[in-house]
Amino acid sequence: MSEKTSQSKPTIIRNKESEVDIYTAVAKYEEQQTIHRDENNDSTIYFNTLHKWQDIMKWNYELKNKENPPKEKLEEYKNDVIHLFLILKKLNRLDKIRSKQKKDLLNKKKQEIDSKHLQQENLLNELFYLKKEISKCLQYKSSDSDIDLVPLDTFCLESPDSSDYIDKLKNGLINEHDLHIRRLQWEFEQRKTQQQQCDEVEKNKETILSEIQEESRVLQSILPMLKDIRTAAQPLQQSFGLAPCQARSYADIVNVLPKPLYYLYIQTDAYRVACKSKFTVSINGDEEEARRFDSNKNNVVDTNSDEEIDVPKPKKRHHKKSRTDTKSVQQKSLLSKHPLSVKLTLSLKNNTQFVMEFFYLVNLNLITVTVTSSWSGFSSSYSRELLSPSSILDALFPGDNGKESPHIVNFHQLEEEKTEFNTMEVGKPYIWAQSICGLDFLNPNTPDFLISRNNIAQVLRAINNRLKTRLSLITQLDCGDLERRFSINGVNLTSVLSPWNTMAWEHFIKLEYCKPHVEFGTVTENDLLFKRVINYKTATLTVVMVIKCDYPKSNPIFTLQLNMPTINEGMSVLNSTNNNSVRELEREINVFHEQAEDEDINEMLINIIGRLVVCFEVMMETWGHSDFPKTKTILYNIRGRARNHPFKAVKHHSGIIFEHR
């Protein structure tokens, strides 16, 4: 029996490909059903199926609570539930397919809308660009409209065939644009002709200038002849009872001067007379010694002549000079000065007198300057530093400190003799000193008086301004009424300021908060260094001020260090290297100094120091320390991630208000 059954049952072979095909076929069939079936009918079927499910479950529950429930009925309920479950699953699949199809359709529509929107944006941008280009073309103005053309009447009279152009314009054969082009062409030809004429005039001018220079040289050579004529005419003047020339002895010593000092003397004396300047020019030195110096220089005898070789010399025993003595003699002769010098004496207020003496180093062909000064009423250390003769004329012009000779040949001369240029003995060879003496090191053998004439006014004005600036600095450093000045402007100051003191360069470079300025080159050894202390209640601010030689072109530089007590009765030392507030205070004073147009240069430094004291008190009051209560109108104490302080003072109808930058 079992064999028959085994033989009667067919064998079913299933593979994965057939299952995949059935699955895809069913999926496609259900997708087609979602298209043809009505969603409302499916929702109705869904709710009806749920109600049937509830009824069957209720009947099944009631039947099971009976004592002997019929199994056939339970089996029937089970089959109905399975059937309803399959219907719900079928409806669920159809619903998911519908939602997927709608999402795909929605995404497709979104992409279409985005592409349309992007296309619209591109078109709008292109439209905006085209409108902009059209407006540029409409607003275009050619540069020919700025050319100042001759009037049309003049053009008609002077230009050939201009009457034809006007007739053509009236008859409509030519427009205004073409007529404008004709006028531009005619203007261009006229200007080319004028340029050629201008070039010819420039050539004639150069020729005349060269003739004037040649004649001036001839006139300068006439001066010694006039001197001889004047000397020969003295007996005749005495016989007729005429007064001799008053400038006779003075002119004699002027003629003995070397050419550079001679140009300096006549140019400074001429500038003094023309501008009525309050300085005197004089010649210092011995005239006879100068004449001997010039004669010895011109009558140098060659020690290697043939006569000295032929004449036998008796042998004499003598001690040889040491090499060191010979070397010192050669060094001194290399740095020898001309016996005469020119002295300029400037007298200023407060009985201050500055004397500049110009020397000529004959062997080096160089001008050096020494300064001596005398003053009364200045007893402080910083006044002596500001009026120091050794540095008062340094950096009168950028880069001109007078430490080295501007003449390239001098370096090799000094190097060969193994000596150094000692400015303490011979003076400083400033570049401006060479220019006002007519020295041009491209042609050092022939000094030019034009160079002296073109530079003398500028140099003397610069020296006068330097002296006035230094005196003004002393007055400002002596000022002690900051409280009164700032109380008038609405700010009350309660800090106590100590007097200024000078500071040595060796001490400056050892301070940690001053080293960054030395490393970056903002402060050099040639600058003037000053120090003072500001006390505000329990806080002490040490101020180091650096003043450049070219003040007021360069503003002063301030470096600060704050000492204030701590909670543990200690003392904290704060500066720009370890505290952001002190660093911000330095930046406020050094960077944000806005000089007003009407600010007096004699009040500049006082205003800067006053701002420093005000900002220092504002910084201490905004820290919230109990020792420093608020006495000023401040909107916000600290603001920003960097916790900046309100250092900017703004005028208000109620007074001065401090706010952040």
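A: A residue counts as buried when its relative accessible area is under 20%, as exposed when it is over 50%, and as partly exposed in between (1.4 Å probe, protein chains only). Helices (H or I, at least four residues) and strands (E, at least two) are DSSP runs numbered from the N terminus. With these terms, strand E2, residues 341–348, is mostly covered, since 6 of its 8 residues are buried.

The model is predicted: local features need pLDDT of at least 70, side-chain atom pairs count only at pLDDT 80 or more, and totals for chains, interfaces and linings use all residues. Residues are numbered from 1 along each chain as its sequence is written, and side-chain values use heavy atoms, with hydrogens and water left out.

Two strands are said to pair if DSSP finds at least two bridges between them. E2 has two antiparallel partners described here. Strand E1 (residues 279–284) is joined to E2 by 6 bridges and runs antiparallel to it; Val281 has Leu344 in E2 as its bridge partner. Strand E3 (residues 352–361) also pairs with E2 in the antiparallel sense, over 7 bridges, and Lys343 has its bridge partner in E3, namely Glu357.

Of the 9 residues in E8, 8 are buried, so the strand is mostly covered. Strand E7 (residues 528–536) runs antiparallel to E8 and is joined to it by 9 bridges, with Lys531 bridged to Val544 in E8. The two strands form a hairpin with 2 residues between them. Lys537 in this turn has a positive phi of about 60°, although it is not a glycine. Lys537 is partly exposed, at a relative accessible area of 46%. E8 also pairs with strand E9 (residues 557–565), antiparallel and over 7 bridges; here Val543 stands opposite Leu560 in E9. In the loop between E8 and E9 lies Pro552, which is joined to Tyr551 by a cis peptide bond with omega of about 10°. Most residues other than glycine have a negative phi, and most peptide bonds are trans.

Another positive phi, of about 55°, is found at Ala395, which is not a glycine. Ala395 sits in the loop between helix H14 (381–386) and helix H15 (408–417). With a relative accessible area of 17%, Ala395 is buried.

Towards the end of the numbering is an open sheet of 3 strands, in the order E11-E13-E12 and with mixed pairing. Its edge strands are E11 (633–634) and E12 (648–652), each of which pairs on one side only. E12 pairs with strand E13 (residues 655–659) in the antiparallel sense over 5 bridges, and the bridge partner of Lys648 in E13 is Glu659.

Among the helices, H10 (residues 259–275) and H18 (residues 449–478) have axes that come within 10 Å and cross at roughly 50°. Axes are lines fitted to C-alpha atoms, for helices over the stretch in contact, and angles run from 0 to 180 degrees between N-to-C directions. Angles under 35 degrees count as roughly parallel, over 145 as roughly antiparallel, 65 to 115 as roughly perpendicular and the rest as oblique; H10 and H18 are therefore oblique to each other. A contact means heavy atoms within 4.5 Å. The contact between the two helices is made by residues including Tyr263, Gln267 and Tyr271 of H10 and Phe449, Arg453 and Leu460 of H18.

In helix H3 (residues 39–65) lies Asn60, which counts as buried at 18% relative accessibility. Beyond residues up to four places away in sequence, Asn60 touches Leu74 and Tyr77.

For the chain as a whole, the secondary structure comes to 23 helices and 13 strands, and buried residues make up 32% of the 661 residues. Of the contacts between residues at least 6 apart in sequence, 64% join residues at least 24 apart.

Confidence is given as pLDDT, the predictor's value for each residue from 0 to 100. The chain has a mean of 79, and 83% of its residues reach 70 or more.
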